[in-house]
Amino acid sequence: MKRLIERSRSVGEVLRWVTQNPGKVSASHYPIALHKLGQLLQQQPLAAGDGRGPAGQVLEQPEFHALCQAIVSGCAKFDNFSIVNCLYAAAALGLPGESPLVRVLEDESRSRLGRFNQKDVSMVFSSEANNKALEAIFSSQLFYENRQERFIRSMAEWLPRKAENLTPYTMALIAKYVARHRLREPRLLDTIANFLLKRGEQLDSKVIQKLVFPFSRMNYRPSNHGELFPKLEAILEQKAGSSPLATVNILMSMFQLSHFPQTVLHQVFSPGFITNVMSSPYALIVRRYLSLLDAAVELEFREYSGPRLDPRYRVLMFEHALTADEANRKYSYKGLVAEALRQLVGEECYRQEEVAPEPVSHLLLPVLSPVDFLLWINRSGTVLPLSRVPAASRAPPAVSPVTVSLRSSVLALTSDLQDFAPVVLSVNDKWHYCQNSDILVGSRAMRDRHLRLLGYCLVQLPYTELEKVSGIEEAKHYLRQKL
């Protein structure tokens, strides 16, 4: 039966072999039939004006319904390998996720996750995998749920060997997947970096942006960064004007990894680039990134002597709490810390989620996301009520921020406030770290660098410590030790 299916020359022939010989069809034959259907349909050009796609052409055939029903009815008795292979074949065929066949296969797979072995999952990356099939696999709930175990290990083993055969779109899809789930897997990240190094000059800036993002997201310098970063600089020099938003996103990724491409900065801070940005529909977001980049240059790239962002175009980078933090608020330890802090020092002694931290808020606007908790502490270690902190520390100085550097302003202010120091309590929840790691994601790590450069004392409250705290009294004891 296997040979008969594989030698079939048409969709109808495959369906006839399977549906007319039920006694000779075993569980292993169904994925073979689905795979063969996918291969045959890909060889057939679409009829003019037909937008249904390959799967749509067979969905209406009674024989195909009979094939699907046979799989649905019998899949509970299939072995693990056949279940996963059927799901892979259905994805390659392009069946929609809401179809009864896919739903039943995913439900059955989900119930067996604990019993799947390495072979069951790694086979989705067999030599049969093509770009379309791989893209479809990423949309399967099964593999999202299993990403941290066998799936990622299998992909890390498979991807380096198969990368050259993948399209940029598929590699970008893998990069998006890795970044979304904060997967700091060096083999995957280095494979993406090698792909970029080899094909970068042929890629659109928007694709490069997607491929670069995982490195900054995971705060990871790829092993080939000595070659890759100069290559990216050369590409950006040529393509900076063609896609301003992608350009500043790539620059932001490089900045988060403490790499500052001087020549490209000359371009993005030039009047021509700014004029181009101002007339685009995404002007505000680009201005936000440029504002943050400009502040980062001041803090971290002191040797830079090129053009800077015109003060007229500076805007707030973050106007409110970050979307991710808002969405995850109920899972955050901020509420516990806030209540413990309120009882420990009183509401008059701290500010929560300040968008522009004191004392130099007018200079920090583009630099920082809202800090979790801001306090002032004197030399003896006492947390001070904000009413006792000199007004000069809480109000912008008279001198224009345009005419002075960030660092000199901080030094001037702190010299007048030698008895006081700002402390930032940073609640680092699980999503602020790479998966299963104590390494902060790139944006969080850069924020911490900037806070320290601006003279703030940063006290980290990692979730790994907070999850061991039980109740308000323990939380107060924990904070007392930290402070």
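Visitor: Leaving aside its neighbours within four places in sequence, which residues is Phe269 in contact with?
Guide: This is a predicted model, in which local features need pLDDT of at least 70 and side-chain atom pairs count only at pLDDT 80 or more, whereas totals for chains, interfaces and linings use all residues. Residues are numbered from 1 along each chain as its sequence is written, and side-chain values use heavy atoms, with hydrogens and water left out. Taking contact to mean heavy atoms within 4.5 Å, and leaving aside neighbours within four places in sequence, Phe269 is in contact with Leu290, Leu293, Asp294, Val297, Tyr304, Pro307, Arg308 and Leu309.

Visitor: In the largest nonpolar core, which residues touch the most other members?
Guide: A nonpolar core is a set of buried Ala, Val, Leu, Ile, Met, Phe, Trp, Tyr and Cys residues joined through side-chain atoms within 4.5 Å, where buried means under 20% relative accessible area, exposed over 50%, and partly exposed in between (1.4 Å probe, protein chains only). The largest such core has 61 residues, and those touching the most other members are Met171, Leu196, Leu211, Phe215, Leu265, Phe269 and Leu290.

Visitor: Which helix gives this core its largest share?
Guide: Helices (H or I, at least four residues) and strands (E, at least two) are DSSP runs, numbered from the N terminus. The largest share of this core is eight residues, and they come from the helix at residues 283–300, α19.

Visitor: How many of the 18 residues of α19 are buried?
Guide: From its first C-alpha to its last, α19 reaches 25 Å, close to the 26 Å expected at 1.5 Å a residue, that expectation being 1.5 Å times one less than the number of residues. The helix is largely enclosed by the rest of the structure, because its buried residues number 15 of the 18.

Visitor: Which helices do the buried residues of α16 pack against?
Guide: Helix α16, at residues 244–256, has 13 residues and reaches 18 Å, close to the 18 Å expected. Twelve of the 13 are buried, so α16 is largely enclosed by the rest of the structure; among them are Val248, Asn249 and Phe255. Just after the helix, Ser258 takes a positive phi of about 60 degrees. The buried residues of α16 pack against α14, α15, α17, α18, α19 and α25.

Visitor: What is the handedness of the β-α-β crossover from β3 to β4?
Guide: Strands β3 (residues 420–428) and β4 (residues 457–462) pair in the parallel sense over six bridges, pairing requiring at least two DSSP bridges between two strands, and Val423 stands opposite Cys457 in β4. A crossover counts as right-handed if, with the strands pointing away from the viewer, the path from the first strand over the helix to the second runs clockwise. Here the chain passes through helix α25 (residues 442–453), and the crossover is right-handed.

Visitor: Is Arg182 buried or exposed?
Guide: Most residues other than glycine have a negative phi. Arg182, in the loop between α12 and α13, has a positive phi near 55 degrees. With a relative accessible area of 10%, Arg182 is buried.

Visitor: What is the relative accessible area of Asn436, in the loop between β3 and α25?
Guide: Asn436 is not a glycine, although its phi is positive at about 50 degrees. Asn436 is exposed, because its relative accessible area is 65%.
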